[in-house]
Amino acid sequence: MKVLGIETSCDETGVAIFDTAAGLLGHCVHTQIALHAAYGGVVPELASRDHIRRLPLLVRQTLDAAGCELSQLDAIAYTAGPGLAGALLVGASFAESLGLALGAPVLPIHHLEGHLLSPLLAADPPAFPFVALLVSGGHTQLMGVTGVGEYALLGESVDDAAGEAFDKTAKLLGLGYPGGPQLAALAECGQTGRFRLPRPMLRSGDLDFSFSGLKTAVLNVVSAPTWRAEDVADLAADFQAAVVEVLCAKALRALEQTGLSRLVVAGGVGANRHLRERLDASTRRKGWRVYYPEPELCTDNGAMIAFAGALRAAAGQCGGETPAVRVFPRWPLAELHSPVRA
């Protein structure tokens, strides 16, 4: 079964083809970083218009790279949410129209399910069940995962997501867009221990997160009369260390509480080197293991959507009999069902 995956939830246009027998045949991603850089953040209308321009070209480019024709596609999967409504509508309308023309089933896919399942595309994938740490610009959640579509929310951020805190803190430090990766790069040049920053909810006793107070603590530092611009790398390093410590502590606590020994880390922040090193070292001491997606699949991409669609299609989930453009800008992951019950 060959599945075309389309991702247009925010500021990346992603297209991929996954074959259930041969694996990932090809995938292409176009990022809109240059488009939004002048505004310091994503402009939804510009994002939607760029998806319209790029999507047909990326589909043709991906088909050529995969050596595949449109007529050979068995199903089409697209990101139906959560995300920017206008951006989601571009992918949804394209997918539904293509499915109608080809007579192929069309599957709406949850963006976070795509991220959560992306480590299964690796050469050494995890087996179910496992705990998933979803950590990105829009979400920070811990999920208990027993199978495709079988997700239980264990904890989540009560305010800013970790990636959002990275981006907002980067702006406080005068860094450009996208702020998160620039802050992480700057932190590599700094020394930790210079600034005493809080570890929000570290000892809350639950698995929830909070990062807005940490961002405020950074604001207080840079607003103080004693602040020196030459200390910015050290402050970035201390901020990153605080976020990593909280993420690791909560993830390990989730493994302890569930009795599971496998942790999956997905989402853009999951590519952070310090986070990976600390998780690897901490779980190794406990005899547990961490699984990550390939680095190129940490950010938004069509491969994870095609893969999630292939898993659901193989389990028997079919698209709606009547074409309908369905998007869900707000869509809790825990509301999903397994493909058997979908």
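This is a predicted model: local features need pLDDT of at least 70, side-chain atom pairs count only at pLDDT 80 or more; totals for chains, interfaces and linings use all residues.
Student: How many aromatic pairs does a search of the whole structure find?

Tutor: The search gives six aromatic pairs.

Student: How is such a pair described?

Tutor: A pair of aromatic rings is characterised by the distance of the centres and the angle of the planes.

Student: What about the rings of Phe195 and Trp227?

Tutor: Their centres lie 6.2 Å apart and their planes stand at 50 degrees, so this pair is tilted.

Student: Which parts of the chain does the pair link?

Tutor: Distant ones, 32 residues apart. Phe195 belongs to the loop between helix H6 (179-187) and helix H7 (212-223), whereas Trp227 is in the loop between H7 and helix H8 (232-258).

Student: Is Phe195 buried or exposed?

Tutor: Phe195 has 17% relative accessibility and, because buried means under 20%, it counts as buried. Trp227, with a relative accessible area of 23%, is partly exposed.

Student: And what of Phe209 and Phe211?

Tutor: The ring centres of Phe209 and Phe211 are 6.1 Å apart and the planes are at 15 degrees, so that pair is stacked. Phe209 is buried, at 0% relative accessible area, and Phe211 is buried, also at 0%.

Student: Turning to the helices, at what angle do the axes of H8 and H9 cross?

Tutor: The axes of H8 and helix H9 (residues 273-286) cross at roughly 35 degrees and come within 10 Å. The crossing of H8 with H9 is right-handed.

Student: Which residues meet there?

Tutor: From H8, they include Val244, Leu247, Cys248 and Glu256; from H9, Leu275, Arg278 and Lys286 are among them. By type, the residues of the contact comprise eight nonpolar, four polar and four charged.

Notes
Residues are numbered from 1 along each chain as its sequence is written. Side-chain values use heavy atoms; hydrogens and water are left out. Rings of Phe, Tyr and Trp (its six-membered ring) pair if their centres lie within 6.5 Å; planes under 30 degrees apart count as stacked, over 60 as edge-to-face and the rest as tilted. Helices (H or I, at least four residues) and strands (E, at least two) are DSSP runs, numbered from the N terminus. Buried means under 20% relative accessible area, exposed over 50%, partly exposed in between (1.4 Å probe, protein chains only). Axes are lines fitted to C-alpha atoms, for helices over the stretch in contact, and angles run from 0 to 180 degrees between N-to-C directions. A crossing is left-handed if the near helix is turned anticlockwise from the far one by less than a right angle, and right-handed if clockwise. Contact means heavy atoms within 4.5 Å. Ala, Val, Leu, Ile, Met, Phe, Trp, Tyr, Cys and Pro count as nonpolar, Asp, Glu, Lys and Arg as charged, and the others, Gly among them, as polar.
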